[in-house]
Amino acid sequence: METLTHSSVLSRFGHALSDPTRSRVLLSLRDAPAYPSDLADMLGVSRQKLSNHLACLRGCGLVVAVPEGRRTRYELADSKLCSALTELLAVVLTTDPGHCAESAGKGCC
């Protein structure tokens with residue numbers, strides 16, 4: 001039963017990281033909490049698109065919204081996520097560029 005829970009957590013994490021904008025949001029929040037308007041400006045995306053990505057990340061359980069008066073600040077949901085993201089960045093992946101090029105339209109690499 002615990003394996004199912006673990007695979008669910010990894011699946012949510014993988015879904016969040018599967019989009020480059022969401023990955024950039026997580027990396028930005030790894031450095032410091034931020035407001036949506038600041039994140040949108042920093043990442044060069046519209047506020048509406050950023051709002052959709054933040055909703056996805058909240059749904060995955062990776063970020064939380066912290067009300068501050070009229071504004072809402074976003075931060076990583078758990079301090080361990082900072083370490084997890086740092087560790088993932090340190091992993092060196094060996095890929096087969098030929099395979100990735102062939103599979104580019106099939107969701108691989």
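Author: **A serine and its surroundings**

Leaving aside neighbours within four places in sequence, serine 28 is in contact with Leu39, Met42 and Leu43. Contact means heavy atoms within 4.5 Å. This is a predicted model; local features need pLDDT of at least 70, side-chain atom pairs count only at pLDDT 80 or more, and totals for chains, interfaces and linings use all residues. Residues are numbered from 1 along each chain as its sequence is written, and side-chain values use heavy atoms, with hydrogens and water left out.

Serine 28 lies in helix α2. Helices (H or I, at least four residues) and strands (E, at least two) are DSSP runs, numbered from the N terminus. Serine 28 is buried, with a relative accessible area of 15%. Buried means under 20% relative accessible area, exposed over 50%, and partly exposed in between, with a 1.4 Å probe and protein chains only.

Now take helix α3, residues 36–43. Ser37, Leu39, Ala40 and Leu43 are buried there. Seen down the axis of α3, these buried residues fall within an arc of 160 degrees, so they line one face of the helix. The arc is that of the directions from the helix axis to the C-beta atoms. Asp41 and Met42 are exposed on the other side of α3. The cover over the buried residues of α3 includes α2 (20–31), α4 (47–59) and β2 (71–76). Glycine 44 follows α3, and its phi is positive, near 70 degrees.

Not counting residues up to four places away in sequence, valine 25 touches Leu39, Leu43, Leu50, Leu54 and Leu57. Val25 is also among the residues with the most contacts inside the largest nonpolar core, together with Leu26, Leu29 and Leu62. That core has 20 residues. A nonpolar core is a set of buried Ala, Val, Leu, Ile, Met, Phe, Trp, Tyr and Cys residues joined through side-chain atoms within 4.5 Å. The elements giving two or more residues to this core are α1 (2–17), α2, α3, α4, β2 and α5 (80–90). α4 gives the most, with 4 residues. In soluble globular proteins, nonpolar side chains tend to be buried together.

Next, the strands. β1 (residues 63–68) and β2 run antiparallel, joined by 6 bridges. Two strands pair if DSSP finds at least two bridges between them. Proline 67 stands opposite threonine 72 in β2. The two strands form a hairpin with 2 residues between them. Glycine 69 in the turn has a positive phi of about 65 degrees.

The structure holds 2 salt bridges. A salt bridge is a side-chain nitrogen of Lys or Arg within 4 Å of a carboxyl oxygen of Asp or Glu. Glutamate 68 pairs with arginine 73, the closest N and O atoms being 2.1 Å apart. Arginine 73 also pairs with glutamate 75, at 2.7 Å between the closest N and O atoms. These salt bridges share partners and join Glu68, Arg73 and Glu75 into one network. Glutamate 68 is partly exposed, with a relative accessible area of 30%. Glutamate 75 is partly exposed too, at 23%.

Last, the whole chain. Its elements run α-α-α-α-β-β-α-α from the N terminus on. That comes to 6 helices and 2 strands. Buried residues make up 28% of the 109 residues.
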